[in-house]
Amino acid sequence: MCSPPDRVRQTTGVTAAAARRAFVLRHTRLQPVPGLEEIRLHLADEVLPLWHAVQVETGDPDTPLPYWAVAWGGGLAVARYLRDRPEVVTGQRVLDLAAGSGLCAIAASQAGASAVIAADIDAFAAAAIAINARANALRVTVVQRDVIGEEPPDVDVILAGDCWYEAGLAARVLPWLRSAEERGIRVVIGDPGRPHLPIDELVELASYEVRTTTELEDLGLRQGRIYALRAATPRRPTRA
Ligand SMILES: C[S@@+](CC[C@H](N)C(=O)[O-])C[C@H]1O[C@@H](n2cnc3c(N)ncnc32)[C@H](O)[C@@H]1O
């Protein structure tokens, strides 16, 4: 039997998760994703007022942008790629890293992945992913933690949509993806030209014109590119 403090904690956790789900539903609108009308997501019509609402809801002026309420250029490119090339994920176990709205996870599931995990550190993203998966009648397992701090998971494919938008995350993602690939996991990267993208380490596979938010991006229309990791050049043996 739970001791009273445990019971209180459990109830509080459930209530907080339910409150976040209600918040996501209240502040977004279920709509088709531009260029991917077969996917519907709960997205914000205006991101900056929503960011303010999250600050008020959490009482935290430093709360991150509601990334989960936007379909970003990198994720849009990944989803388009999977629609063109479903064999990349069909029958595969897939991780959507830094999932945001869960767009890549949902695209993978629609393309026939056998199991899909979506990971994000943001509690509101976790709520949004669960809501979006349900809105598309798909099953996605949501993980709310920093998986980059862990061993790569037991999956066949990792999708990394728009992970190079800030220096801190950018510095950690590539080594982690390389260690995943060394374990035999296929890595698919989608990016709309972020300055932190280590382009020399990548090989371009495809390119799509994607439409994303004009409120936060300088251009609504962007080129979203798909990359694989470039094979690491073997180190030359040092002379004695
Ligand atoms: C620009 S959004 C991309 C979302 C989605 N992949 C897309 O393309 O639409 C980046 C996401 O990375 C998440 N994030 C940042 N650091 C992370 C970490 N260490 N592990 C997992 N997610 C992280 C943020 O919370 C945010 O939802």
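Colleague: How far is a backbone N or O atom of G75 from an oxygen atom of the ligand?
Modeller: That backbone atom of G75 lies 2.9 Å from the ligand oxygen, a polar contact (a pair of N or O atoms within 3.5 Å). Mind that this is a predicted model, where local features need pLDDT of at least 70 and side-chain atom pairs count only at pLDDT 80 or more, while totals for chains, interfaces and linings use all residues. Residues are numbered from 1 along each chain as its sequence is written, and side-chain values use heavy atoms, with hydrogens and water left out.

Colleague: And what about W72?
Modeller: A backbone N or O atom of W72 is 3.1 Å from a ligand oxygen.

Colleague: How much of the ligand does the protein bury?
Modeller: 96% of the 600 Å² that the ligand exposes when taken alone (Shrake-Rupley, 1.4 Å probe).

Colleague: Switching topic, what space does the ligand take?
Modeller: The largest pocket, with more than half of the ligand atoms within 2 Å of its grid points. A pocket is an open set of points on a 1 Å grid where a 1.4 Å probe fits, with protein on both sides within 12 Å along at least five of seven lines; lining residues have an atom within 4 Å of a point.

Notes
Polar contact = N/O pair within 3.5 Å; in protein donor to acceptor, adjacent residues only side chain to side chain.
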